[in-house]
Every structure is written in C-alpha cells, then in structure tokens.
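Work through the exercises below with the sequence and the model open side by side. Each task is followed by a stepwise solution.

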Amino acid sequence: HIAYTYGTVIFVITVTDIIGYLLGFAWFAPRLRQIRVVTAMLAVRKRFSRQSEQVYTWFSIVGSLVTATVWMIAVSVVLSSIFDIPQEVTIFCTGATVAMMSLYGGRWAVVASDFIQLGLLLSVSLAVFFLAAHRLGGLGAYFDAIPDELLNPSLSSDSPYDKFWIIGFVLLSLVARNNLTTAFRYNSAKDSKHARWSALIPIVGYSILPICWFTVPMVARVFTQDIEAQFPMLEIPAEASYFAVAINVLPNGLLGLLVACIIASTMSSMDSALNRNAGYFVKSVYEPFVRRNQAHQGELLMVGRITTVFFAALVIGISIFVVQRGNLSLFDMYQQLNGRLTVPMAVPVFWGLFARRIPKWGPWVAMFFGMLVSFALFDGLDSDVGRLMLGWFFSESSIEYIVAHPVTWSYLVNIPLTSIVFWGTGIFYKGCSDRYKADVDHFFEDLERPVDFEKEVGKDNTVFQAKTVGRL
C-alpha cells in the first residue's frame, strides 16, 4: 500500500533495518547473547528487577498480539486477493493452522520452517521481479515505468511520510531494533560469535531484496488500470498491488507457490509471536507466581501449549473485529503501535544497556511517562485544550501540521523526553540497596564476557539440527 501510493519513501524502513543490523553486528548481537537468558523478559529482570520484568511482560504481550493481528490481516489480504473469498474465513482458517503449528512444533519448528520459507520466498519474489521486467521490455523499461511522483516522492508537509517522519523513524529504529526486549533475536545463538554472524544475513537481504519487493507495486498501474475494480472485496485495494502484478506475470504453478510462500512467511511472524508470548507468560508469570518455582518441565510445557491456543484465539478474534471495522491500513496500525507502545517501551531498555546508575524502578517509570506523552500526542492535541496549549508556542499552520502527524511527533518528541526521564531517575541510584548494585555490576560483567559454549552449555547438536533442516 505504501509503495503503491507513496513510492520510494518505503525504502526508509529497509534502510533503518540495515542500520539496526549493522549496529547489531558491530556491538549489540554478541552482548545480547552474553546476557545469558532464555527469554527477553528475563533479560529485563536480570538488568533491573522482577517488578520491571512484570510490567514489560504484560505490555510486551499486548504489543505482540497487535503485531500478530497485523500479520494475520496481511494473510487475509493475500488470500482474498487471489481467491476472492472473505477475509474473515481466511483469518479463521489461517489462525487455526498457525495455532496447530505453534502448539505441536514449538519455537524450534518455527525457526526451522522460517529457514525453508525464506528460500522459497526469495525464489518466487525474484521470479515476479524479473518476469515483470521481461514483460515490460527489460530492466531499463521496468524502472522507467515507475511514475515520477513515486520515484521522487514529495516530502512536503502534505504527505504523511515527510522529512520529519523520516528523521523520527530513524530515531525509533535506533532504540527499537537493539535493546533488552529484542534479545530474543540473538539469545538462542550458539555463542557470541554465532550471534554476531546471525546479523549478517539480514544485512545482505535488506540491501538487495527490497528492490524486488517494493518496486513491483510501483509498476502495478501498468498491469492494472483500476485496482479498486479488480479487488472490490478489500477495504484498501492498494494493499493487493503486488499480487495484481503477480497474477499477470506468473504462470499458474508459480502463482500457487507464491501464495503458499506469502502465507507461510506471514504465518511465521505470527507463530513467533505466539510462542514468544507463551514463553513470557510461563517463565515470567506462571512459574514464579502461580507455582512458586515448584512446577516440573512437563507442567510448564502443558501450560505453554494452553497459553498458545488462548493467544491464537485472541488474535483471530481481534483480527476479525478489525477487518469488520474496515478501511484501516495495515501500515497505519503498525505506526499506531510504534507511536503508542513501542517508543515508551523501547527507550528505557535501550539505555539500560549503557546506563549503570539507574534504580530498579527507573524503566517502568520512564515507560509510563512515555505512554502519557503518547496519549497526549495522539488523543489530546486535537482537543480544544490541546490546541489552546499549542497556540502558546506555534502558529496556526504549525498546529494543523502537528495535529495531522501524531505518529511523527511521537517519535520526535517522545523519544527525547522519555530518555531524559529515564536518565533523570539516576539521581535516586545512591538510595538503592547494596544487593541491587551488586546485581547491576554482575549484569554488566556478563554483558562483556564472551560465551564459552563448551564450558557453559556443552552437548553441541548443531550438526544434528543442520541435517534435520536439510532433510526438511
């Protein structure tokens, strides 16, 4: 939708992904592995306290459910576009399939299937790109077919994705891509070296493949003159622009494979969220509070499965509700989530990797402050009181811009303010207990100590896993 409507501004997202993984390769990846935890929420506990862990656990679960909902709706868009069936039906069937996979395969099955899906998706997406270019007369003609307004998009204040949005999104990516709660990207790596290597593959992928993915919707107007008429079943037909091209250029067999790949890759993002949420709940809520650390592993596994099913049902219900409300862009949902929740949550756990002298309650105090700022930016500025307060500092035209771009200002305003509050809590560090200070010192010692796999873990089954994935 964004590529079809606004053009190359979509590449800002992939550029920030590259920057995030470059920083991961350079510094964050090995250190996040060296925290030595099973889940990201345990990293929050180890750095701060059990109270901070609980706050972040519940809000992370909410954020993951919203993210899974976005992916679920994306799957329904794919199926509705290709097969002309209602989105609600696809949501229910896909949700049930994802729940079964997450339930019986677990996290390892999700990761293994992601690897296979990646190979399939790359092959078919490259086929769409090159077949579309061939249909238009070569790569030169293909890029010439991109409208000038998409190739050189306007960054004026009339666009929701202007230069201020770009600056804000870069700030968001800086704090959100690598922090204590994103430790799950690396904490299952074999050791520090493997964690660093795991950041290289996304760097290569995001440097090349977005050209194939995002330019296809930009040439969709050549293949379909009236996308609204072609996909009347969708509230936002532009979200099917990629498939409008694929339907035209792919033979039937490859079109079916593309559908399977898109569904599988999108489902993988959702089932990752389900397994991650189940892990958060079991390790950070059920085991320490319900069972007082007395539960055996079989019981924890069963509770994890029940939790997975519950979260899957919740995602299905929320997705159907959102679809029935209608006319809500998937990217807009993603933006709202970033502005309202991701920013307040990410800032404290980003700086927590650098700031030692912060009290145990510092992160959740800063997080709640950030949420209040987000609430004011999204829900208060367009009120009479909000406009009156803005009038003390800004002109009428500036007020209209600020009110119309709450997401942009949630990045530009909330990130610095929440950072100031987080660092400001450091003035209370002297009053913290000696035990907490010792725990902080231990955390930062682990952060800098490379993982010795043979001594700390042992029983290397890397070859077995590689053979298993190879057979699959």
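## Exercise 1: A residue on the surface

Val385 is found in helix 18. The model is a predicted one.

Task: Decide whether Val385 is buried or exposed, and find which nonpolar surface patch includes Val385.

Solution. 
- Step 1. The relative accessibility of Val385 is 56%.
- Step 2. Exposed means over 50% relative accessible area, so Val385 counts as exposed.
- Step 3. Val385 belongs to a nonpolar surface patch, together with Leu388, Met389, Trp392, Phe393 and Phe394. The area of this patch is about 720 Å².

## Exercise 2: The second largest pocket

Task: Describe the second largest pocket: which residues lie nearest its centre, which helices each supply at least two lining residues, and how the lining divides by residue class?

Solution. 
- Step 1. The space in the second largest pocket comes to about 340 Å³.
- Step 2. Its lining has 16 residues, and those nearest the centre are Ala376, Leu377, Leu381, Met389 and Leu390.
- Step 3. At least two lining residues come from each of helix 17 (362-380), helix 18 (384-391) and helix 20 (406-424).
- Step 4. By class, 13 of the lining residues are nonpolar and three are polar, with no charged residue.
- Step 5. Met389 links this exercise to the previous one: Met389 is among the pocket residues nearest the centre and is also part of the nonpolar surface patch.

## Exercise 3: The second largest cavity

Task: State how many cavities of 30 Å³ or more are counted, and describe the lining of the second largest cavity.

Solution. 
- Step 1. The count is two cavities of 30 Å³ or more.
- Step 2. The second largest cavity holds about 30 Å³ of space.
- Step 3. Its lining consists of Gly20, Tyr21, Arg177, Asn178, Arg185 and Tyr186.
- Step 4. Sorted by class, this lining has two nonpolar, two polar and two charged residues. Tyr counts as nonpolar and Arg as charged, while Gly is among the polar residues.
- Step 5. Gly352 sits in the loop between helix 16 (330-351) and helix 17. Its relative accessible area is 0%, so Gly352 is buried.

## Exercise 4: Salt bridges across the sequence

Task: For the salt bridges Arg31 with Glu448, Lys46 with Asp446 and Asp460 with Lys190, find where the partners lie and how accessible they are.

Solution. 
- Step 1. Side chains of opposite charge can pair when their charged atoms come close. In this model 12 salt bridges are counted.
- Step 2. Arg31 and Glu448 form a salt bridge, with 3.3 Å from N to O. Arg31 is in helix 2 (residues 11-34) and Glu448 is in helix 21 (residues 434-448), so this pair ties together parts that are 417 residues apart in sequence.
- Step 3. Arg31 is buried at 18% relative accessible area, whereas Glu448 is partly exposed at 46%.
- Step 4. Lys46 and Asp446 form a salt bridge with an N to O distance of 2.8 Å. Lys46 is in helix 3 (residues 40-47) and Asp446 is in helix 21, so the parts tied together are 400 residues apart in sequence.
- Step 5. Lys46 is partly exposed at 22%, and Asp446 is buried at 3%.
- Step 6. For Asp460 and Lys190, the closest N and O atoms are 2.9 Å apart. Asp460 is in the loop between helix 22 (453-456) and helix 23 (462-471), and Lys190 is in the loop between helix 8 (163-176) and helix 9 (192-197), 270 residues apart.
- Step 7. Asp460 is partly exposed at 38%, and Lys190 is partly exposed at 24%.

How values were computed:
Residues are numbered from 1 along each chain as its sequence is written. This is a predicted model: local features need pLDDT of at least 70, side-chain atom pairs count only at pLDDT 80 or more; totals for chains, interfaces and linings use all residues. Side-chain values use heavy atoms; hydrogens and water are left out. On a 1 Å grid over the protein atoms alone, a cavity is a set of points where a 1.4 Å probe fits but cannot get out, and a pocket is an open set with protein on both sides within 12 Å along at least five of seven lines; lining residues have an atom within 4 Å of a point. Grid points are joined across faces, edges and corners, and a volume is the space filled by probe spheres set on the points. Helices (H or I, at least four residues) and strands (E, at least two) are DSSP runs, numbered from the N terminus. Patches are made of residues with over 30% relative accessible area and no salt bridge: like charges are joined within 9 Å, nonpolar side chains (Val, Leu, Ile, Met, Phe, Trp, Tyr) within 5 Å. Accessible areas come from the Shrake-Rupley method with a 1.4 Å probe; for residues, only the protein chains shown count as cover. A salt bridge is a side-chain nitrogen of Lys or Arg within 4 Å of a carboxyl oxygen of Asp or Glu. Buried means under 20% relative accessible area, exposed over 50%, partly exposed in between (1.4 Å probe, protein chains only).
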